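User: Can you walk me through this one? Let's start with the sheet.

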Amino acid sequence: MAFSNLTCAVCGDDAGKFQQHHNRDTGYGICLRCVLWLTETRNVGPEEMKNSYGTAGVNYESPSK
């Protein structure tokens, strides 16, 4: 699958150049800032993140970077 520049589905900012996750509208992903907000503030777990946004490092920037 090709990598493309994505727009964050949460805040509308640039989400980086990653593979499109099948569960997102074309051209949308999630930015690192929103990943951190969802996982640290909203307590979204890893399974929900995977179902909604895909795999860290493949579909969006990994929080460990």
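Analyst: One term to begin with: two strands pair if DSSP finds at least two bridges between them. This is a predicted model. Strand 1 and strand 3 run parallel and are joined by 2 bridges.

User: Which residues face each other there?

Analyst: Threonine 7 is opposite tyrosine 28 in strand 3. Cysteine 8 has glycine 29 of strand 3 as its bridge partner.

User: And strand 1 with strand 2, parallel or antiparallel?

Analyst: Antiparallel, over 5 bridges. Asparagine 5 stands opposite lysine 17 in strand 2. Strand 1 and strand 2 make a hairpin, with 5 residues between them. In that turn, glycine 12 has a positive phi of about 90 degrees.

User: What's the strand order overall?

Analyst: The order is 2-1-3, in an open sheet of 3 strands with mixed pairing. Strand 2 and strand 3 are at the edges. Each has a single partner strand, so one side of each has no neighbour in the sheet.

User: Switching topic. How many salt bridges?

Analyst: The count is 1 salt bridge. Arginine 33 pairs with aspartate 13, and their closest N and O atoms are 2.3 Å apart.

User: What parts does that pair tie together?

Analyst: Arginine 33 is in helix 1 (residues 32-41). Aspartate 13 is in the loop between strand 1 (3-8) and strand 2 (14-19). The pair therefore ties together parts that are 20 residues apart in sequence.

User: Is arginine 33 buried or exposed?

Analyst: Exposed, with a relative accessible area of 53%. The cut-off for exposed is over 50%. Aspartate 13 is partly exposed, at 37%.

User: Now the cysteines. How many disulfides?

Analyst: The count is 0 disulfides. For cysteine 11, the nearest cysteine sulfur is that of cysteine 34, 3.7 Å away. For cysteine 34, the nearest is that of cysteine 31, at 3.6 Å.

User: Is cysteine 34 buried or exposed?

Analyst: Buried, at 7% relative accessibility. Cysteine 11 counts as partly exposed, at 34%.

User: On to helix 2. Which residues are buried?

Analyst: Met49, Ser52 and Tyr53 are buried in helix 2. They cover an arc of only 75 degrees around the axis, so they are on the same side of helix 2.

User: Why would that spacing line up?

Analyst: An α-helix has 3.6 residues a turn, so residues three or four places apart point the same way.

User: What covers them?

Analyst: The cover for the buried residues of helix 2 includes strand 3 (28-29) and helix 1.

User: Last one. Where is serine 62?

Analyst: Serine 62 is in the segment after helix 2 (46-53). Serine 62 is buried, with a relative accessible area of 15%. The cut-off for buried is under 20%.

User: What does serine 62 touch?

Analyst: Leaving aside neighbours within four places in sequence, serine 62 is in contact with Leu32, Ala56 and Gly57. The side chains of serine 62 and serine 64 are also joined by a polar contact of 2.9 Å.

Note on methods: Residues are numbered from 1 along each chain as its sequence is written. This is a predicted model: local features need pLDDT of at least 70, side-chain atom pairs count only at pLDDT 80 or more; totals for chains, interfaces and linings use all residues. Side-chain values use heavy atoms; hydrogens and water are left out. Helices (H or I, at least four residues) and strands (E, at least two) are DSSP runs, numbered from the N terminus. Buried means under 20% relative accessible area, exposed over 50%, partly exposed in between (1.4 Å probe, protein chains only). A polar contact is a pair of N or O atoms within 3.5 Å; within protein, one must be able to donate a hydrogen and the other to accept it, and residues adjacent in sequence count only if both atoms are side-chain atoms. Contact means heavy atoms within 4.5 Å. A salt bridge is a side-chain nitrogen of Lys or Arg within 4 Å of a carboxyl oxygen of Asp or Glu. The arc is that of the directions from the helix axis to the C-beta atoms. A disulfide is a pair of cysteine sulfur atoms within 2.5 Å.
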